[in-house]
Amino acid sequence: MSEDALKSALQKVRWLVLDVDGVLTDGKLYFDNNGNELKTFNTLDGHGIKMLQSSGVRVAIITGRRSSVVERRAHDLGITKLIQGREDKFSALQELLADESCRLEDIAYIGDDYPDLLVMTRIGCPIAPPNAAPPVRERALWITHARGGEGAVREACDRIMQVQGTFDSALAPYIGEQ
């Protein structure tokens with residue numbers, strides 16, 4: 001798809017919905033000897049999410065696995081819309097946005113695997129990291145340069161703000177401009 005089509009889709013984004021494993025993390029599952037699940041998150045992604053939310057774009061998470069670590073990460077980032085343990089992510093998306101006035105074309109979604117495809121083929125701006133499964137990359141409007149868990153979400157957040165004209169004001173406090 002063309003750069004103009006991508007910019008048009010990013011301009012409309014009012015919600016960024018994220019998968020977790022392979023998007024917010026590197027996709028690997030870590031367990032300690034007591035069976036506790038461990039995940040690593042990229043701080044660049046986290047700060048990008050906070051900046052994007054401050055710009056007026058809402059952020060949500062839908063994931064097929066359940067994890068208290070994801071719940072804590074969402075809480076730390078101020079993400080209140082979180083659905084875990086759902087393989088049918090499109091139904092989860094519909095539930096998540098049931099009380100919101102949001103059109104599907106106003107949603108960007110970052111996914112990396114087959115359970116993400118139904119959402120990605122129905123929303124306005126499907127995004128995939130380069131480590132996504134080939135059928136997911138084929139259906140993405142945009143493939144980030146950064147891999148999942150390595151800044152892909154930050155890249156998407158920055159790009160949305162740049163296209164929407166909010167990036168400079170979001171960056172201003174960090175470079176001494178108010």
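This is a predicted model: local features need pLDDT of at least 70, side-chain atom pairs count only at pLDDT 80 or more; totals for chains, interfaces and linings use all residues.
Let's begin with strand 4, which spans residues 58-62. Four of its five residues are buried, leaving the strand mostly covered. What lies alongside it? On one pairing, strand 1 (residues 15-18) runs parallel to strand 4 and is joined to it by four bridges. Within that pairing, V17 has A60 as its bridge partner. Strand 4 also pairs with strand 5 (residues 81-83), again in the parallel sense, this time over three bridges. Here I61 stands opposite L82.

How does the chain get from strand 4 to strand 5? Helix 3, covering residues 68-77, makes a β-α-β unit together with these two strands, and the unit is right-handed.

Now for the side chains. In a regular strand they alternate between the two faces of the sheet, and in soluble globular proteins the nonpolar ones tend to be buried together. In this model, the largest nonpolar core counts 33 residues, and L16, L18, I49 and C125 have the most contacts inside it. Helix 7 (residues 152-164) is the element that gives the most to this core, contributing six residues. Apart from it lies another core, made of 22 residues, including I62, L96, M120 and V136.

Leaving aside residues up to four places away in sequence, L18 touches V59, A60, I61 and I62, along with L24, I49, I110 and V153.

Key:
Residues are numbered from 1 along each chain as its sequence is written. Side-chain values use heavy atoms; hydrogens and water are left out. Buried means under 20% relative accessible area, exposed over 50%, partly exposed in between (1.4 Å probe, protein chains only). Two strands pair if DSSP finds at least two bridges between them. A crossover is right-handed if, with the strands pointing away from the viewer, the path from the first strand over the helix to the second runs clockwise. A nonpolar core is a set of buried Ala, Val, Leu, Ile, Met, Phe, Trp, Tyr and Cys residues joined through side-chain atoms within 4.5 Å. Contact means heavy atoms within 4.5 Å.
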